[in-house]
Amino acid sequence: VFSAGLRDMDAILGRDDKLVEKLAMAAEKIDANFAAIIGTPVPATIGTDYRALKRLAEKKIDLPIITVETTGMNLYDFGAERALEAIFKTFTAEQAETIPGRIGVLGASPLDLAGKHPERKLEEKLLLEGASQVVIYGMGATLEDIRNAASAEKNLVVSPAGLRAAEYLKKNFGTEYEIRCPLAEDMVPEEDFSGKKVLCVHQQVMANSMRDRIRRLGGEDVTVATWFMRKPALAEPQDRILTEEDEFEELVEKEQFDCILADRTLQPIVRDYPGAWIHAPHFAVSGKLGDDE
């Protein structure tokens, strides 16, 4: 990862040739399969033309160039969503024979999941469910796996950041996808939730999967809230998007939940909450891998 290191006036005047020159110098010294140009606040402010930048760079550098038009002003999942979609659009081959039982996992990242090596637990669960092969894009998958993405029998979207890539692969290669996160089962204890009013706070797909498990355990009144990306198609009417701590405090005070499933980092915001709190770790909230930290 390199900073463009452009002077203020170079950036303001749109001296794209300076950026391409530096990128070409780096490409000479590094054995790379592609280069990615990622947007930051200054290019967003001056209206950088990323398509033109891509064409300019590919003329100078004998590598595929990916551009991700981020601004540096959104949360992590916004950039992850666009980066994931861009890499499939660039590299996935048009022809690939479907491999029965091959599952591609989209939207997995250390920020979206919890614990040490969550990709291993995810793979184990999918193999137990009957998958013959599991490819977790972004956590262990290779560029060759990206090229062969169309060979998957099905894709599994485990966070909202993977949805756009899943839709692209379905539209262009016919690969069906499912939206759920099997790791949610480890977040919800085996107990009776009948008659309880429950709040699940996590990234949206994980929280929705937690809600599904709670309902299988008897819970009916379950609200999902998230601080991060919220896809309207995945939300129920009672679900909430949170942007400030006081919104979380007001939600908990108003709704009188019997049980909250959320990262314990959020507990000090609602110190007087009298109900049960079940720790549902989320690295993007706490910055901690697990209880041992």
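1. Two strands are taken to pair if DSSP finds at least two bridges between them. Helices (H or I, at least four residues) and strands (E, at least two) are DSSP runs, numbered from the N terminus. The structure is a predicted model, in which local features need pLDDT of at least 70 and side-chain atom pairs count only at pLDDT 80 or more, while totals for chains, interfaces and linings use all residues. Residues are numbered from 1 along each chain as its sequence is written, and side-chain values use heavy atoms, with hydrogens and water left out.

2. G104 has V135 of strand 4 as its bridge partner, and V105 is partnered by I136 in strand 4. As a general point, side chains in a regular strand alternate between the two faces of the sheet. Strand 3, helix 6 (residues 118-128) and strand 4 together form a right-handed β-α-β unit. A crossover is called right-handed if, with the strands pointing away from the viewer, the path from the first strand over the helix to the second runs clockwise.

3. Strand 5 (residues 152-157) and strand 6 (residues 176-179) are likewise parallel, joined by four bridges. The chain passes from strand 5 to strand 6 by way of helix 8 (residues 163-173), and this β-α-β crossover is right-handed. L156 is bridged to E178 in strand 6.

4. A further open sheet has five strands in the order 9-8-7-10-11, with parallel pairing. Its edges are strand 9 (240-241) and strand 11 (276-279); each has a single partner strand, so one side of each is left without a neighbour in the sheet. Strand 7 (residues 197-201) pairs in the parallel sense with strand 10 (residues 259-262) over three bridges. L199 has I260 of strand 10 as its bridge partner.

5. The second largest pocket holds about 350 Å³ of space. Of its 16 lining residues, T67, V68, E69, R82 and A86 are the closest to the centre. Helix 4 (50-60), strand 2 (65-68) and helix 5 (76-91) each give two or more residues to the lining, and helix 5 gives the most, with five. On a 1 Å grid over the protein atoms alone, a pocket is an open set of points where a 1.4 Å probe fits, with protein on both sides within 12 Å along at least five of seven lines; lining residues have an atom within 4 Å of a point. Grid points are joined across faces, edges and corners, and the volume is the space filled by probe spheres set on the points.
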